[in-house]
Amino acid sequence: MSQLSEQSCEACSADAPKATREQIEAFRRDIPDWQLIERDGIMQLERVFTFRNFKQALAFTNQVGDIAEEAGHHPALLTEWGKVTVTWWSHAIKSLHKNDFILAARTDEVAESNVRAD
Ligand SMILES: C[C@H](O)[C@H](O)[C@H]1CNC2=NC(N)=NC(=O)C2=N1
């Protein structure tokens with residue numbers, strides 16, 4: 001289990017600190033399968049998870065929804081046949097916050113407990 005996933009999320013407000021370039025590089029070592037992307041000028045973390053069918057993809061989507069609700073921090077989720085794209089960023093700061101890395105690590109743990117196609 002990665003240490004990052006065990007850390008607590010902070011309430012994310014407009015004045016919350018954006019992750020620095022150094023922090024991003026350090027946090028990413030715990031979540032090597034996530035892509036660092038920029039969309040509409042906003043840095044985001046994204047990973048595609050593959051499954052054997054739509055039902056399993058939907059079940060995973062709901063599990064990720066549960067950890068998001070628990071933490072009060074929410075991803076974009078695109079559920080397709082055999083595939084879920086999970087994208088984390090912090091809306092309040094239009095950037096990446098430590099919370100996004102914590103939730104990405106927890107998403108990996110949820111994925112590990114599922115039967116996946118990859
Ligand atoms: C009030 C509530 O905690 C905030 O609106 C939270 C909800 N979930 C959130 N999720 C994400 N990803 N970014 C946010 O800024 C955010 N804000």
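This report looks at the ligand site and the cysteines of a predicted model.

## About the model

Residues are numbered from 1 along each chain as its sequence is written, and side-chain values use heavy atoms, with hydrogens and water left out. Because the model is predicted, local features need pLDDT of at least 70 and side-chain atom pairs count only at pLDDT 80 or more, while totals for chains, interfaces and linings use all residues.

## Around the ligand

Let's start with the ligand, which has Gly72, His73, His74, Trp89, Ser90, His91 and Ala92 around it (each with a heavy atom within 4 Å of it). This shell divides into two nonpolar, five polar and no charged residues; here Ala and Trp count as nonpolar, and Gly among others as polar.

A nitrogen atom of the ligand lies 3.3 Å from a backbone N or O atom of glycine 72, and a ligand nitrogen is 3.0 Å from a backbone N or O atom of histidine 91. At alanine 92, a polar backbone atom is 2.9 Å from an oxygen atom of the ligand. The protein buries 58% of the 390 Å² that the ligand exposes when taken alone (Shrake-Rupley method, 1.4 Å probe).

## The cysteines

How many disulfides does the structure hold? There are zero, counting a disulfide as a pair of cysteine sulfur atoms within 2.5 Å. Cysteine 9 is in no disulfide, and its nearest cysteine sulfur, that of cysteine 12, is 9.2 Å away.

Cysteine 9 counts as partly exposed because its relative accessibility is 23%, and cysteine 12 is also partly exposed, at 26% (buried is under 20%, exposed over 50%, partly exposed in between, with a 1.4 Å probe and protein chains only).

Technical notes
Polar contact = N/O pair within 3.5 Å; in protein donor to acceptor, adjacent residues only side chain to side chain.
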